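Please keep the sequence and the model in view while reading.

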Amino acid sequence: MPLGGGYFKTTYAGDLALVDTRLRRTALAAALLALLLLPRFASSFVLDLITQTALAAIGALALNLLTGLAGQVSLGHAGFIAAGAFTTGVLVEHRMPSPLLALPAAALVGAVLGVVVGIPALRLKGLYLALGTLALHHVVLYACGEFQNHWGANTGVSIPPPRFGGFVLKGTIAWYYALTAIAGLVLVLSVNLQRSRTGRAWMAIRDREIAAESVGIDVARYKVLAFVWSSALTSVAGALFAYQRAFVSVEAFGFFLAIEYIAMVIIGGLGSALGAVLGAAFVTLLPYGIDTAVAALRVPGGAEYYLFPLKFGAFGLLMAAFLVFEPQGLVGVWRRVRNWVFLWPLRYRPLRSAS
Amino acid sequence: MTQVLATTVVVASLYALLAAGYVLVYRATRVLNLAQGDMMTLGGYFLFFVAAAVPGRPALSIVTAAVLSALAGFAIYRLLMRPMAGHPIFAAVLVTVTLGILLRAAIVLVYTDRIRHPLPLLGLANPPRRLPGGAVVSTFDLATVLAAAALFIALFAFLRLSPLGIQMRAAGEKALLAAQRGINFQLLFALSWALAGFAGALAGILYANNVRLDPSLGVLGLKAFAVALVGGLDSLGGVIPGALIVAAIEVLSVRYGDPLLADVSPFLCLLAMLLVRPWGLFGTKEELERV
């Protein structure tokens, strides 16, 4: 990503480096330190918000691999999350509540589902692919519903807090550390995938499939690989969701959840890991932001009743606004701001580049 | 047995009304309108609104609600879909998703999420009718079948015989060529959306009278696009066999299988169709990727 002001990378190592300048290294260290020390200062409400954002970010990063990098549209993301959550549920029901078993099992189930979707997806494009993933979502939910009705309690399955040997993961602060750490790992993983051979192949397929094939990329293999990576990561996110909420129920994984995840990657900016995280934060925090705004405005009584449709509508409106006016999402805004700062007081960058 | 047959035809008619909306919009603008189900809900609430304002006038209420829905379809095209021209199709499809969200939010904002029944406001009753052969259906079930039949006959006549309908087919087939022959394709696209709104409203009005009215009716719309896809997304004639197949599988799986299957069987049909013939039974054949 060339910056304004004539800053160019001159070596491959420089191009591949995750953090390349001293400013970025300092900023990264400061951010890590802030995240580490935050529980000392912040209220448990703030910590809980960050935890939720981190959980959403894992799913959004996984969807970004599939839709943003490989260009494969999926409306079935909620189905993969449900698959992971219910894998945990099934294992708990069978007296195997250990996360050391459940997380890899969820990843495996997700990967298998990824192959199941990925292979037919080779024949389908665009709209038809979206429909296929949507149908899959309903099939997975049906299977989960059957499980819930027949084996679980009717309303859902309770999940005990995860236990690693003698250590029990419980409480806001523990979950905050655990999920931000995992989200950080997934972030590094997805940035790594993006700059590696796999990620470049995905982007080539996204941009022009025939050209990608003609330079020797095995399109079929990489497409299935995208589905497998994405759905495995998503299922792990689902398993974590189950542990964190301590409860799984089919009702939590409706079509709207899939829309929320798509909104995250679109509002954040398709194809960018930073965008997925920003979008996850935006979509997670939006309802709380509206709550705060309404509370600050001191709307007269009865306003609580209008809050739900208001949040719902604001979500739809923002998603539509980003689709129409800012297809590059929050990352696009961020890039413009950054370039403006770099170039100030001039307005245009010296050399036109593709970004 | 006759009961199963009758139920299948009734369910198929409701699906056919909804799927007609999908096909009309898809043929014109190549966009899959995922808000079709919510446009159906909107039609139901328009009926409730008019019926609450002038109670006891069923014909007036139903016609006004259907016309309002058609106008809403027109407005949706002008305000939301036309700016999406030139954007990727998927972005346009997502805009219809957000449209569904907005419609539902607006409905909850005005009418809350309580279940409503417009039937008493209209001053109508919904007595069960015994058909020859022994099957029993409600009056509005019959009305649904008749409405679907009438709508399809009218649509076929319109698209085959009237100049405007022929222009609409031309614009849907190749907008550029149509425009060069002086066809106002923007108007025709808007008209397609209006017709889709009208068809959806018919489904919504009948369903609201027959069963109930609540903001989450739109879920039915998702099932109906399995119908549109099985028949062929760009084939209006395919909707009828598509609806019958999907409805038959749904009714049979509920009767002989598991009630939970009702929600998923249309999607199983959809998946099976996507694997074998993604363009549907009667759709225009599209080239598949070879692996």
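Of the 355 residues in chain A, 43% are buried, that is, 20 or more other C-beta atoms, placed from the backbone, lie within 10 Å of their own. This is a predicted model, in which local features need pLDDT of at least 70 and side-chain atom pairs count only at pLDDT 80 or more, while totals for chains, interfaces and linings use all residues. Residues are numbered from 1 along each chain as its sequence is written, with chains lettered from A and ligands numbered from 1 in the order in which they are written.

Chain A contains 14 helices and 4 strands, which are DSSP runs (H or I, at least four residues, for helices; E, at least two, for strands) numbered from the N terminus. The C-alpha trace of chain A spans about 65 × 55 × 45 Å along its principal axes.

Chain A contributes 36 residues to the contact and chain B contributes 33 residues; two residues are in contact if their C-beta atoms, placed from the backbone, lie within 7 Å. On the side of chain A that touches chain B, the elements giving two or more residues are α6 (126-150), α11 (255-268) and α13 (303-325) of chain A.

Within chain B, helix α1 (residues 2-29) packs against helix α9 (residues 185-210) at an angle of about 170°, with the axes 8 Å apart. Axes here are lines fitted to C-alpha atoms, for helices over the stretch in contact, and angles run from 0 to 180 degrees between N-to-C directions. The angle therefore makes α1(B) roughly antiparallel to α9(B), a term for angles over 145 degrees.

How values were computed. A residue is buried if 20 or more other C-beta atoms lie within 10 Å of its own, exposed if 12 or fewer, and partly exposed in between; C-beta atoms are placed from the backbone. Angles under 35 degrees count as roughly parallel, over 145 as roughly antiparallel, 65 to 115 as roughly perpendicular and the rest as oblique.
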